[in-house]
Amino acid sequence: MPDMDILTWNLDSLSDTQPRKMHLYEILDPSCFTLLVAGGESITDLLATWKEQLEPWHGFLKLQRIAPASTQPEAKMQFDSAFGSSQSLFLVRPDSYLGFVGNQNALPALTEWLGRWFSPTAS
């Protein structure tokens, strides 16, 4: 996972509506997985469904939306080179390697992958 300047929104918190400019590695946590939602204008419509489907793994999964750090062509090109130009999902393992990559419609495949490797947490 390449480090770069990004804008980020913590999607686990409904009160985190303002993006923060950070280095990508600052949002990765060595104690849990981080699901990066890259690209797209907004995922507000999908967020409730995604949170419900990912709930069994909430104890070790952070959800972050990311976007290019600026509107400068160089920043967008660097971001698109790493994450693509359409909405995509990137599950980053605690060691900063990718565990899963897919487009916005890949959530069922992601939950299947999570279920295969990790027991859902008890409610």
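Modeller: Let's start with a pair of side chains: Gln64 and Thr8 are joined by a polar contact of 2.7 Å. A polar contact here is a pair of N or O atoms within 3.5 Å; within protein, one must be able to donate a hydrogen and the other to accept it, and residues adjacent in sequence count only if both atoms are side-chain atoms. Keep in mind that this is a predicted model, where local features need pLDDT of at least 70, side-chain atom pairs count only at pLDDT 80 or more, and totals for chains, interfaces and linings use all residues. Residues are numbered from 1 along each chain as its sequence is written, and side-chain values use heavy atoms, with hydrogens and water left out.

Where does Gln64 sit? You will find Gln64 in strand E4, which covers residues 61–68. Strands (E, at least two residues) and helices (H or I, at least four) are DSSP runs, numbered from the N terminus.

Is Gln64 buried or exposed? Gln64 counts as buried because its relative accessibility is 4%; buried means under 20% relative accessible area, exposed over 50%, and partly exposed in between, with a 1.4 Å probe and protein chains only.

Now look at what surrounds this residue. Leaving aside neighbours within four places in sequence, Gln64 is in contact (heavy atoms within 4.5 Å) with Thr8, Trp9, Asn10, Leu11, Arg20, Ile27, Thr34, Leu35, Leu36 and Val37.
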